[in-house]
Amino acid sequence: MGKRIKKLKKIRIHREGTNTLFYSFIVLAAIAVALWFGFDTKIPFWIFTGVTAVLWLVVLNFYRCPIRYYPDDTEKVVVAPADGRVVVIEEVEENEYFHDRRMMISIFMSPFNVHANWFPVDGKVLFVKHQDGNYHKAWLPKASEENERADIMIETPEGEKVLCRQIAGAIARRIVTYAKDNEDCYIDEHLGFIKLGSRVDVYLPLGSEVCVKMGQATTGDLTMIAKMP
């Protein structure tokens with residue numbers, strides 16, 4: 001796929017959060033004004049303003065949408081699909097699609113991470129499937145099978161199939177997937193977005209070289225997590 005042109009990193013607000021941030025700011029500002037003029041003492045105003053400002057900034061951080069570009073050749077490269085921390089690296093029996101053993105790497109996103117998701121590999125989207133389910137804590141092993149999720153199957157230019165799974169967590173209640181059936185996809189492009197704490201699994205062919213360790217922090221679209229065989 002050739003080398004990506006290096007560009008300056010930029011920060012923007014994800015489109016999934018613009019309305020939430022705007023309308024919540026208007027409501028909070030209106031309450032603050034009412035507290036300022038409604039009481040002789042300004043203590044309620046300052047307490048409310050201090051607490052809500054911190055919470056609003058946490059939500060703002062959650063909806064950040066960094067513009068990132070993988071700086072090197074992407075051939076056979078698997079990048080982290082999300083910001084977070086590696087919670088699983090193991091061989092698993094995948095019987096839903098592959099019916100064989102796969103190398104699974106899982107990244108857990110806390111509410112303090114950016115929640116935009118990127119395509120982990122270049123290729124073509126074979127299909128996208130959404131399945132309803134439970135809302136177990138996202139770092140638990142059973143979350144991969146039992147939680148609400150969206151499965152994106154990608155075929156790389158070399159003919160290898162990679163499954164990327166967006167998983168809702170105990171707090172998350174909405175998975176947004178931008179990937180479409182039969183569309184070409186590339187590293188640097190957004191795959192989707194998950195609102196609040198959640199997780200992304202990547203299933204790779206055995207023989208893939210794992211490039212991360214358990215507990216390692218990852219940066220979506222920049223951390224190389226594996227090399228395809």
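## Terms and model

Buried means under 20% relative accessible area, exposed over 50%, and partly exposed in between, with a 1.4 Å probe and protein chains only. This is a predicted model: local features need pLDDT of at least 70, side-chain atom pairs count only at pLDDT 80 or more, and totals for chains, interfaces and linings use all residues. Residues are numbered from 1 along each chain as its sequence is written, and side-chain values use heavy atoms, leaving out hydrogens and water.

## Overall make-up

The chain has 3 helices and 14 strands. Helices (H or I, at least four residues) and strands (E, at least two) are DSSP runs, numbered from the N terminus. Of the 229 residues in the chain, 45% are buried. Contact means heavy atoms within 4.5 Å. Among contacts with a separation of 6 or more, 73% join residues 24 or more positions apart.

## A buried arginine

Arg149 lies in strand β6, residues 149-155. Arg149 counts as buried because its relative accessibility is 4%.

Its side chain makes a polar contact of 2.8 Å with the side chain of Glu96. Another, at 3.5 Å, links it to the side chain of Asp151. A polar contact is a pair of N or O atoms within 3.5 Å; within protein, one must be able to donate a hydrogen and the other to accept it, and residues adjacent in sequence count only if both atoms are side-chain atoms.

## Helix α1

α1 has 21 residues and spans 30 Å from first C-alpha to last, close to the 30 Å expected at 1.5 Å a residue. The expected span is 1.5 Å times one less than the number of residues. Leu21, Ala32 and Leu35 are buried in α1. Seen down the axis, they fall within an arc of 60°, so they line one face of the helix. The arc is that of the directions from the helix axis to the C-beta atoms.

The face of α1 turned away from its buried side carries exposed Asn19, Tyr23, Phe37 and Gly38.

## Helix α2 and its packing

α2 covers residues 43-62. Its buried residues are Phe45, Thr52 and Phe62.

α1 and α2 pack at about 170°, with axes 9 Å apart. That makes them roughly antiparallel, a label for angles over 145 degrees; under 35 is roughly parallel, 65 to 115 roughly perpendicular and the rest oblique. Axes are lines fitted to C-alpha atoms, for helices over the stretch in contact, and angles run from 0 to 180 degrees between N-to-C directions.
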